[in-house]
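Here's a quick tour for anyone meeting this protein for the first time. Have a look at the model, then read on.

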Amino acid sequence: VFFNPNLYDKCFFIVSDKESDSSIRSIKKFGTPVPIGLESFTSEISRVQATYIRSLGEFHTYSFKKNLIRIHKNTLEFRDSIVYDLYTKGDISSDIVFSNTLKFPNFDFLIRRDVIEDIQIKLKEASTNNIVVHSDFGNGKSVFLKMLSAQLALDGYSVFEYAKFSSGIYREIEKICKSDNNKIVIIIDNYSKHFDLLDHIALHRDNAILILSERTVINDLTYEKLEERFGELFLYDLNKLQENEIIQLIEILDSYGFWKDKSHFSHDLKVKHITKDCNSELRSVLMELLESSDMLKRFNNVISDIHAKKGYYESFIFILVSNIYGFELELMDLGIQLGYDKMNSSAFLKDRNVLEFINFDKGEIVLKSSVLAQSILEKIVDSKVIVDTLLSLFHKLDNLKHYKPYRNMLKSL
């Protein structure tokens, strides 16, 4: 409950009607105390059970997140910090992606890749139901998937994105694949870690569309295994920005003052710089952006401040390494490295440096950029500390390898 604030409103603690005030106050940190005692609780269950009728409506999923259309015309406030957080920390919400997709109000800071239109056409023509996209880290694969998911949801598809492993995931796959809806899309990022799920999808799906993604070097090694399971696949390489996409990127960099020392370049010179010097790769542009901004300097100060605090520094390194390896890291996973008792301390929750990379209100890690992670690890952090942190993490994960997400982390290390 502590590591997932979204569960707070769903948690109720049945306690004695004579529970002490101090216990009630402690319980309120994690949910709602209900001081009725066990006997009254069981009586209430019997009363409800006598008249309860189970709803047979739309099923709900936990391991797969259904992408719902969210339009916030009156409540979603646009701020320049949203753009800054995206292009430096890699942090962006699905709501913002939807707003950008709808172009409301003038949200135009995401590069709309040409591949999206091509996929829309292929799905409309029913020419394929197996699609794979790949790129090296930092070239926009994760944001692309969010944009594609948003666009397909707007097109009327029921889009299910793999979010996390759970004990009921195979049952969820069966429900999704056997749904009466004939416009089902399943999206799985880092597919090479989930061949067990792909086997289950192959066994149960009829018409569901499968969209997979992976880093290029790993896709090169595992693509044949996909073909063995699913036959013909449409493959898209996101590593190189197309001419139209470069124009979009230049307009974004112009609008938000990201050019810094190259702001005097003409439009043609900017195109040449991205095409030649940056090899038409978004990652190279982002690396330049980070080096010219104060982001690395700011994180250097953060690292200096937390270096003396035992456990904090290691958790920060863990987050950076996770971005490089593509771990599906959640806030609760930090407890492996840091220790749950320390994360539950008020000092950790309120530390201004910790808040640079963790949002406790949302229960998520906001530092998600693999490009920023690489820059910090290369330019700021002592390599010996990185190795020591990885060795420590390796031993801790080894003790938890019975659980699939941690076993995948262990394999990557």
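## Surface, fold and salt bridges

The protein chain has an accessible surface of about 21,500 Å², and carbon and sulfur atoms account for 51% of that (areas by the Shrake-Rupley method with a 1.4 Å probe; for residues, only the protein chains shown count as cover). Keep in mind that this is a predicted model, where local features need pLDDT of at least 70, side-chain atom pairs count only at pLDDT 80 or more, and totals for chains, interfaces and linings use all residues. Residues are numbered from 1 along each chain as its sequence is written, and side-chain values use heavy atoms, leaving out hydrogens and water.

Of the 413 residues in the protein chain, 46% are buried (under 20% relative accessible area; exposed is over 50%, partly exposed in between, with a 1.4 Å probe and protein chains only). The chain has 20 helices and 10 strands (DSSP runs numbered from the N terminus: H or I of at least four residues for helices, E of at least two for strands).

There are 17 salt bridges in the structure (a side-chain nitrogen of Lys or Arg within 4 Å of a carboxyl oxygen of Asp or Glu). Among them are these:

| Pair | Closest N and O atoms |
|---|---|
| Glu-117 and Arg-112 | 2.7 Å |
| Arg-171 and Glu-174 | 3.4 Å |
| Asp-196 and Lys-404 | 2.9 Å |

Asp-196 sits in helix α8 (residues 195-204) and Lys-404 in helix α20 (residues 404-412), so this pair ties together parts 208 residues apart in sequence. Lys-404 is buried, at 6% relative accessible area, while Asp-196 is partly exposed at 30%.
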